[in-house]
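Subject: Structure handover

Hello,

Here is the structure we spoke about. Please open it first, then read my notes below.

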Amino acid sequence: MADVPSQGVQEPFDLIRLSLSERVFVKLRGDRQLTGVLHAYDGHMNLIMSDVEETIMIVEPVEGAPEGEGIVRAVKRNLDMLFVRGDGVILVSPPSRT
Amino acid sequence: MDSPSPPPPPEDSPPPPPLPSTSSGSPTDFLKAVVGKRVVVRLVSGVDYRGLLSCLDGYMNIALEQTEEHVNGRITNRYGDAFIRGNNGS
């Protein structure tokens, strides 16, 4: 059903609706990203997710390196159940269902 | 630099894609006309998302297919489908 482009997706939220109970990738403000199972969402894109792995990208400035370039360190943590406030959401991507 | 380059995006750079015959359409008409085409979505952060525009809504939430994330001209991620929250557009 989903292999025909746009079928079943009339508005962007349909994409999210079709991803309920699936593992999704979420890109957040503040160089954070999540992967977890999507349980619920609303029009603000507030999300309830479970079994979440959060990855936080931390750039550590290196002496002598140009501004904005340094060692990028990825800090990960795992959360059983997570509420995400919608205003932090940049992008949500469902599991590739090609 | 990434080898498999998809068909070239028709509206890659500033010039807008061919407009529908209705001259001087509203922005809404323009957006309706580009649904299904390859587009570039630039976020306030400067990150670009290139992909097939599947739909959008009144908040400018956007659904893209075959999406490539470009940061500083480099592809940093690919998504089969992507939902972009409207407030992040540019």
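**What I found**

Of the 98 residues of chain A, 37% count as buried. Buried means under 20% relative accessible area, exposed means over 50%, and partly exposed is in between (1.4 Å probe, protein chains only). This is a predicted model: local features need pLDDT of at least 70, side-chain atom pairs count only at pLDDT 80 or more, and totals for chains, interfaces and linings use all residues. Residues are numbered from 1 along each chain as its sequence is written, chains are lettered from A and ligands numbered from 1 in the order in which they are written, and side-chain values use heavy atoms, with hydrogens and water left out.

**Layout of chain A**

Chain A has one helix and five strands. Along the sequence, the pattern reads α-β-β-β-β-β. Helices (H or I, at least four residues) and strands (E, at least two) are DSSP runs, numbered from the N terminus.

**The largest pocket**

What is the volume of the largest pocket? It is about 730 Å³. A pocket is found on a 1 Å grid over the protein atoms alone: it is an open set of points where a 1.4 Å probe fits, with protein on both sides within 12 Å along at least five of seven lines. Grid points are joined across faces, edges and corners, and the volume is the space filled by probe spheres set on the points.

The pocket is lined by 26 residues. Lining residues have an atom within 4 Å of a point. Lys27(A), Asp31(A), Met57(A), Val47(B) and Val71(B) lie nearest the centre of the pocket. From chain A, β1 (23-28), β2 (32-41), β3 and β4 (70-84) each supply at least two residues.

By class, the lining has eleven nonpolar, nine polar and six charged residues. Here Ala, Val, Leu, Ile, Met, Phe, Trp, Tyr, Cys and Pro count as nonpolar, Asp, Glu, Lys and Arg as charged, and the others, Gly among them, as polar.

**A nonpolar patch**

Look again at Met57(A). This residue is found in strand β3 (residues 47-61) of chain A. Met57(A) is partly exposed, because its relative accessible area is 35%. Together with Val59(A) and Val72(A), Met57(A) forms a nonpolar patch on the surface, with about 240 Å² of accessible area in total. Patches are made of residues with over 30% relative accessible area and no salt bridge; like charges are joined within 9 Å, and nonpolar side chains (Val, Leu, Ile, Met, Phe, Trp, Tyr) within 5 Å. The areas come from the Shrake-Rupley method with a 1.4 Å probe, and for residues only the protein chains shown count as cover.

**Salt bridges**

Side chains of opposite charge can pair when their charged atoms come close. A salt bridge is a side-chain nitrogen of Lys or Arg within 4 Å of a carboxyl oxygen of Asp or Glu. How many does the structure hold over all chains? There are ten salt bridges.

One of them pairs Glu69(B) with Lys27(A), with the closest N and O atoms 3.7 Å apart. Glu69(B) lies in strand β3 of chain B and Lys27(A) in strand β1 of chain A, so this pair joins two chains. Both residues are buried.

Another pairs Arg77(A) with Glu54(A), at 2.4 Å between the closest N and O atoms. This pair links distant parts of the chain: Arg77(A) is in strand β4 of chain A and Glu54(A) in strand β3 of chain A, 23 residues apart. Is Glu54(A) buried or exposed? Glu54(A) counts as buried, because its relative accessibility is 5%. Arg77(A) is partly exposed, because its relative accessible area is 43%. Salt bridges that share partners join Arg32(A), Glu54(A) and Arg77(A) into one network.

**Two positive phi values**

Most residues other than glycine have a negative phi. Ser21(A) is not a glycine, yet has a positive phi of about 65°. Ser21(A) sits in the loop between α1 (12-17) and β1 of chain A. Ser21(A) is exposed, because its relative accessible area is 62%.

Asp51(A) also has a positive phi, near 55°. Asp51(A) is found in strand β3 of chain A. At 48% relative accessibility, Asp51(A) counts as partly exposed.

Best wishes
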